[in-house]
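Notebook open, viewer loaded. I want to jot down what I looked up, one entry at a time.

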Amino acid sequence: MDPVLTPRRLVALAAAGSAAVLVAALIFQALGFPPCDLCILQRWPHLVAAVLGGLMLLFRLPMAFAPFGALAALTTGAFGIYHSGVERHIFAGPDTCTSNPIASLSAQDLMAQISSAPLIRCDEIAWDLFGVTMPNLNAVFSLCFAGLWIAAFLTARRTRG
């Protein structure tokens, strides 16, 4: 009897998951939640994972490519963890999208900082549900997708030899 979750199906689930996260991010953006720089940074590895999965399925590429999908998912998961920490002021965020201490700034430096500040800040929570933010969801889902990619790779190796 054939297993239900074959390596190709696991790749399909992981790639579809990354594609779904991208679609959800674009829907939130269309609903009026513009992304910050870290939000956009989290999207690129999902795009890589979705495209890689699509190519693996379309061209029946070997499962040797699956670790690259896992790496993409782990990368965006790490970005999600970092962004979550920036939102909760656990980590210092990048200067391009967070506020900096102003006590030591002159009036001219303060005006320059205000003028160059982005419209969307990385250290402010744009949306949450019961305290769970979008970067939190991205981190959790991405780690699950990485698990699917790894399972696809290991299952293919186990069944091959």
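**End of α3.** I started at His-89, which follows α3 and has a positive phi, near 60°. Helix α3 covers residues 66-87, 22 residues in total. From its first C-alpha to its last I get 31 Å, close to the 32 Å expected at 1.5 Å a residue; the expected span is 1.5 Å times one less than the number of residues. For the record, helices (H or I, at least four residues) and strands (E, at least two) are DSSP runs, numbered from the N terminus.

**Ground rules.** This is a predicted model, where local features need pLDDT of at least 70 and side-chain atom pairs count only at pLDDT 80 or more, while totals for chains, interfaces and linings use all residues. Residues are numbered from 1 along each chain as its sequence is written, and side-chain values use heavy atoms, with hydrogens and water left out.

**Other positive phi values.** Arg-60 has phi near 50°, positive in a residue other than glycine. I found Arg-60 in the loop between α2 and α3, and it counts as exposed at 59% relative accessibility. My cut-offs: buried is under 20% relative accessible area, exposed is over 50%, and partly exposed is in between (1.4 Å probe, protein chains only). Phe-130 is not a glycine either, yet its phi is positive at about 55°. Phe-130 sits in the loop between β1 (128-129) and β2 (132-133) and is exposed, with a relative accessible area of 81%.

**Arg-8.** What does Arg-8 touch beyond four places away in sequence? I listed Met-56, Leu-57, Arg-60, Leu-61 and Met-63, taking contact as heavy atoms within 4.5 Å. Arg-8 lies in helix α1 and is partly exposed at 21%. A polar atom of the Arg-8 side chain lies 3.4 Å from the backbone oxygen of Met-56. I also checked Arg-8 against Asp-109, 101 residues along the chain: their C-alpha atoms are separated by 55 Å.

**Gln-42.** Is Gln-42 buried or exposed? Gln-42 is buried, with a relative accessible area of 6%, and belongs to helix α2 (residues 37-58). Its side chain makes a polar contact of 2.7 Å with that of Asn-138. By polar contact I mean a pair of N or O atoms within 3.5 Å; within protein, one must be able to donate a hydrogen and the other to accept it, and residues adjacent in sequence count only if both atoms are side-chain atoms. Leaving out residues up to four places away in sequence, Gln-42 touches residues including Thr-76, Phe-79, His-83 and Pro-135.

**Rings.** I searched the whole structure and got 5 aromatic pairs. Rings of Phe, Tyr and Trp (its six-membered ring) pair if their centres lie within 6.5 Å; planes under 30 degrees apart are stacked, over 60 edge-to-face, the rest tilted. Phe-65 and Phe-68 are a tilted pair, 6.5 Å centre to centre with 45° between the planes. Phe-65 is partly exposed at 33%. Why do I call Tyr-82 and Phe-91 stacked? Their planes are at 20°, with centres 6.0 Å apart, so the pair is stacked. Tyr-82 is partly exposed at 29%, and Phe-91 is partly exposed at 39%.
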